Amino acid sequence: GILSLEETTMSKIQTRRLVESAVMIAIGTVLSMFQFRGPWALGGGITFCSMLPLVLVSWRYGCWWGLFTAFTYSLVQIVQGIPDIQYATNVQTAILIILFDYVIAYSVIGLAAMFKNRLKNQPKALLLGIVVTFLVRLACHYISGVAVWEVLWPNELGWAPPIWSISYNASYMVPEILITGIVAVLSYRPLKKYYQGEDLK
């Protein structure tokens, strides 16, 4: 009886995890479709916290599940980004775009809870996880910018590829980090039980 009760509870949690993750992927996908640019932007679109749902999944269910969820999200982004991938002139270039603009860039967000059990100050751990994972995403886009996009279309300003790529990608990723970080920290206290998964116990 006890075993079956535990199995039932685990089954409910696993089902809830799947459903919640699917919903968060959907929310993140919808938010990613609404982009804006600041007057400073050299390109790229800034979203309103389209990555935060992935951060929340990572915090609720751990980095491994977060990684899986973020990877699934990256596949959805690939489907939406097929027009960009079609610019590739060969298979190697297409693989670089898929890996560095999509799979690695988005999957890494699933590790946002990496500091959760390492710091006592949980809002600080949340912010640090966002900053680190988003910076890795920025690094991925930077590599793609230098290795792929500057080769396909040299920038009109005549900047050196490394300078252009970091300027272009930072112009939307830095605001993305700031917006997501601020909203996450402000939402932590009222949503603490959800971030910590206390409602799952």
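The model is predicted, so local features are taken only at pLDDT of at least 70 and side-chain atom pairs only at pLDDT 80 or more, while totals for chains, interfaces and linings use all residues. Residues are numbered from 1 along each chain as its sequence is written, and side-chain values use heavy atoms, with hydrogens and water left out.

I begin with helix H2. Helices here are DSSP runs of H or I with at least four residues, numbered from the N terminus. H2 spans residues 52-61 and is mostly covered, with ten of its ten residues buried; buried means under 20% relative accessible area, exposed means over 50%, and partly exposed lies in between, for a 1.4 Å probe and protein chains only. Among those buried residues are Trp 59, Arg 60 and Tyr 61. Just after H2, Gly 62 takes a positive phi of about 95°.

I turn next to helix packing. Helix H6 (residues 122-152) packs against helix H7 (residues 161-188) at an angle of about 160°, and their axes are 9 Å apart. Those axes are lines fitted to C-alpha atoms over the stretch in contact, and the angle runs from 0 to 180 degrees between N-to-C directions. H6 is therefore roughly antiparallel to H7, a term used for angles over 145 degrees. The contact between H6 and H7 comprises 21 nonpolar, seven polar and three charged residues. In this division, Ala, Val, Leu, Ile, Met, Phe, Trp, Tyr, Cys and Pro count as nonpolar, Asp, Glu, Lys and Arg as charged, and the others, Gly among them, as polar.

How many disulfides does the count give? The count comes to zero, where a disulfide is a pair of cysteine sulfur atoms within 2.5 Å. For Cys 49, the nearest cysteine sulfur is that of Cys 63, 19 Å away. Cys 49 is itself buried, at a relative accessible area of 4%. For Cys 140, the nearest cysteine sulfur is again that of Cys 63, here 16 Å away. Cys 140 also counts as buried, at 5% relative accessibility.

The aromatic residues come next. The count comes to twelve aromatic pairs; rings of Phe, Tyr and Trp (its six-membered ring) pair if their centres lie within 6.5 Å, and planes under 30 degrees apart count as stacked, over 60 as edge-to-face and the rest as tilted. One of the pairs, Tyr 73 with Tyr 106, is edge-to-face, at 5.5 Å centre to centre and 70° between the planes. Tyr 73 lies in helix H3 (residues 63-80) and Tyr 106 in helix H5 (residues 91-107), so this pair ties together parts that are 33 residues apart in sequence. Tyr 73 is buried at 0% relative accessibility, and Tyr 106 is buried at 9%.

Tyr 87 and Trp 153 also form an edge-to-face pair, at 4.7 Å centre to centre and 80° between the planes. Tyr 87 is in the loop between helix H4 (82-85) and H5, and Trp 153 is in the loop between H6 and H7, so the pair ties together parts that are 66 residues apart in sequence. Tyr 87 is partly exposed at 44%, and Trp 153 is partly exposed at 47%.

I close with a proline. Pro 162 is found in helix H7 and is partly exposed, at 36% relative accessibility.

Technical notes:
Helices (H or I, at least four residues) and strands (E, at least two) are DSSP runs, numbered from the N terminus. Angles under 35 degrees count as roughly parallel, over 145 as roughly antiparallel, 65 to 115 as roughly perpendicular and the rest as oblique.
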